[in-house]
Amino acid sequence: METIKSPGILFYVLSFYSYYLPIILYILWTPLSIYDLGKREDLSKVNGAVWTFFIILVPWLGSLLYFLVGKSKFSTYSRMLLTIPGMILVILFAVYSTLTST
Amino acid sequence: MKWDITSIFKKFFTHFFFILVLIGCGGDGTGSEEGFLHVKMFDNVFIPPIASTPVGGKVRFVNIGGNPHNAISVDKSWSTEKSYGNIVVPHGAHADVTYPEEGDFPYYCSFHASSDGKVGMVGHILSGNVILTESQAVKKDVVSQWTGKTRKVPSEYPTIQNAVDSAFPGDLILVSEGIFKEDVTVTTPSLILRGVDRNKTILDGEFIRANGIMVLGADAVSVENMTFRNYTLNGVYWTGVKGYHGNYITAHNNGDYGMYAFDSVDGLIENSYASGSPDSGIYIGQCYPCDAIIYNVISENNALGYSGTNSGGNLFILSSIWRNNFLGIGPNSLDRELLPPERETTILYNLVYNNNNMNAPSHKLEFPSIGNGIAILGGIRNRIEKNIVLNHKNYGISVVPNLDERLWLGNNNIVKNNIVFGSGRGDIALGGPVSYGNCFEENIYNYSSPVLLEELQGCDGFRFPYTADLSSTIGLLSLFVQVNMGDFEKVSYKNQPKPSEQNTMPLEILKRIEPAVGMFEKSRKYIDEADYPLDAKPILDTYLASSKTYSSPLRPQYPATIKTILFHILGYLLPIGLYAAWAGTSILDIFFNKSISKTSNKIWIFVILLIPYLGSAYYNLKYSSLSKNVRYTQIYGGILLFLGLLIYSILGIVIGGLPAQ
C-alpha cells in the first residue's frame, strides 16, 4: 500500500497561524492607530477625520501608513515593532507556501 | 445508552477537535491509515455478510437494527458477548473484535440464526488472504461472453432466485413484466440479470426484505433494465467483486442505498436513477484503485446523491444530475471502513443543483451536509472540474474536514473551471482548521469563503497559506451536534415521492448481452467524451435569468436555528473578538503603563504578537493596570463562554453517541 505523504505538524501549525496573522494584525493595528489619533492635539479636525476614515476604509494599509508616515505619537521603536515583524512574517509565509505547494 | 465514565472520557478526548489535529494529525493520511472494518447488524442480516480484514485487524459490529443482536463465532472462539460484556448488543451500541490469526471465521447471531452458522443471520470474516470454503460461495470461473443461454422468469423459472441458482456463468436471466417480491442473492459470476421493461419489471421489498439483488463475491455480474423499490437496505448491492455493471436501473425508496458497490472494483453504473434513500442514491466505497465510472445517472431526494467512503483511484463521476438531496456529491473519509482516506475521484461535467431538501430521508450522520452541492469531506487528490453547481443554501463546492474517530483533512484537491452560483454562504469554499495543497482556479462564481480564495490558493504560482477558516467547519459541527441531540426530525424513506417513468433500454443496447468483464477499460471513452447532461444548459440559463445570482457571507448556516447562530458567534467570531480585546488592551496598557521598564515593554509586545491568546492573557492577568473586574471578565469570562460551547458540543456528541451509519 502506498504511503501518503504529509507535510507534518509544523506545516499545519504554521498555516493555521498564518491564516489568522492578517486578522490579528488588522484587529491590532486598527484600534491602536485610531486610539493614537484620538489622543493627538496637533492635528486639525479635518486631518483627524480624514485619517480615521482612511484607517477604517482601507484595512491594513490605512493603519500601516498611519504608523509609518502619519506622525503617530507612539515611539518610533514601538511603531516599527507593531508593523515590521508582522509584515515580514506575512511575506515569509507567502513565500514558504508558494515554494512548498504541490 | 450505557453510562460508563471511562468511555465518556475516551469519547471526550477522541473528539477533542484540535488535539486531534495537532497531535493525532490523522487527517491527511500520514503513515498507516488503515481504518477498520464495519459490520452492520440490521434486522436480521449482517452487512457485509462476507468481509475481509487484514490479519490483526479490528472489526466493529454495530447494531443499527431495531432488534437486539450479537455475533458469535461458530467455533465459539470469540463473540461480541466477550468484548461487549453482554449477550445483547442493543440498538446503537457496538462491539469490537480483533482477528490475530489468518482464517475464515463463520459467525451467527444467536437470536436470529442456527448455531451451526448455516441458516438465518450469519456471516463470515475472512482474516488475511483466505477464500471462502463454504460451498455456496465457491467461485466459479468468470466468462467474458454470453453463453447464448437465456433463462426466462417466470415462464421457465417461477422466481428470479430460482433462475439464478440454476444458471451457469455467462447466462442471461430475462425477467418479464411483473412485480417480484423477492430478495435475490447472486453467487454465480458473469450472470446478466435483465428486465424486459425497466418500468414494469419491478422487484419489491415491501419494506420487509433486505436487498433487491445482492451480488456476493460473484464477479462480472450485470444488472439491467429493472426497478428496485421498498427494500429495507439496498436496491442493488455488489460486495467483494471484480467487475460490475448497472445499466438502466431505477432504485427508489430503499432503506439504505439505491445502488451500492462496496469493496468492489472495475465497475460501471450508467443510465440509472436513484431516489428516496436515507443514505446515498449511488455509492461506491472502500476500494483503491476502484477503476469505476458513474455516467449519465440521476440521483434525487436522497440524503446524499452520491457518497463514496474511502474510495478512489480511477473513479469517475461523469455527466450526471444530482438534485434535491441534502448533499449532491460527497466523497468522504471515515475510520469505519478500510482503505482511508478517500482519494483521486474525478467529478466532471455534472449538473448539481437545489440540494437543500429538508424532506429527504436520512439516518443521522447525513443531515449536517444539507444545503451543499459538492463537498469533499476529508478526501485527498480529487479533481472537481467543469461542473455546473447552482442554488445551494450553504456552499456550492467545498473542501472541508470530516470528523469520525479521527479528524480527516481534505488536502490536495483541485477545483477548476466550474460554474457555481447562488450558494448561500459561498460558491467555492475551503474549511479549516488546516489543510494543504487545495487549489481553486478559473471557476465562474460570485463569492468564495473565505474571500479571495482563488487569488490566494490558486493552482499555479502565488499561494498564501489561506486554509484555516473555521466558519464552514463550525457550521458543520453545529449541525452535527444538533442532529446528535435529536433536534431535527428524521424523515422516513418509505414515503418519499415515487419517480416518474424512466427511459427503458433502447434496442441497440438490448442487443448487447455481455457479462461485466473489463468494464473500466470498455467504458474509458466516457471519460474523453464526457459533456454536460442535456438539462444543464437550460437550467443554467433559467437560473441566470432569475434574480437569485448572489451569495452573501452574512447568511447564517442553513438551517439557521438559534443554536446554529450561537455556534457561529461563540465558536467562530468569539475567538477573534477575544484575541482583539486581549491583545489590544495589553498593548495599550504597555504603552501607557509607566511601571514597566522600557526593555520589558518591547519584549512584552513581541510576546503578545507572537504567542496568540497566551501572551496577552498572561500579561492581562499579571501586569495590566486595568481594573481587576474588567480584566477577569474579559479573560475568564471569554474562556468560559468558549469552553461552554466546547463542552456542549462534546456532550452532544457523547449523548447522541457516534452515529451508527
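**Disulfides and the A–B interface**

A disulfide (a pair of cysteine sulfur atoms within 2.5 Å) joins B:C439 to B:C459, with an S to S distance of 2.1 Å. The torsion about the S-S bond of B:C439 and B:C459 is about 90 degrees, so this disulfide is right-handed. The pair links distant parts of the chain, 20 residues apart: B:C439 lies in strand 40 (residues 439–441) of chain B, and B:C459 in the loop between helix 5 (453–456) and helix 6 (471–484). Helices (H or I, at least four residues) and strands (E, at least two) are DSSP runs, numbered from the N terminus. This is a predicted model, in which local features need pLDDT of at least 70 and side-chain atom pairs count only at pLDDT 80 or more, while totals for chains, interfaces and linings use all residues. Residues are numbered from 1 along each chain as its sequence is written, chains are lettered from A and ligands numbered from 1 in the order in which they are written, and side-chain values use heavy atoms, with hydrogens and water left out.

The structure holds 2 disulfides over all chains; B:C287 and B:C290 are also joined by one, again with S to S 2.1 Å.

Turning to the interface, 38 residues of chain A are in contact with 50 residues of chain B, contact meaning heavy atoms within 4.5 Å. Helix 1 (9–39) and helix 4 (76–100) of chain A each supply at least two residues of the side that touches chain B. Helix 1 gives the most to that side, with 17 residues.
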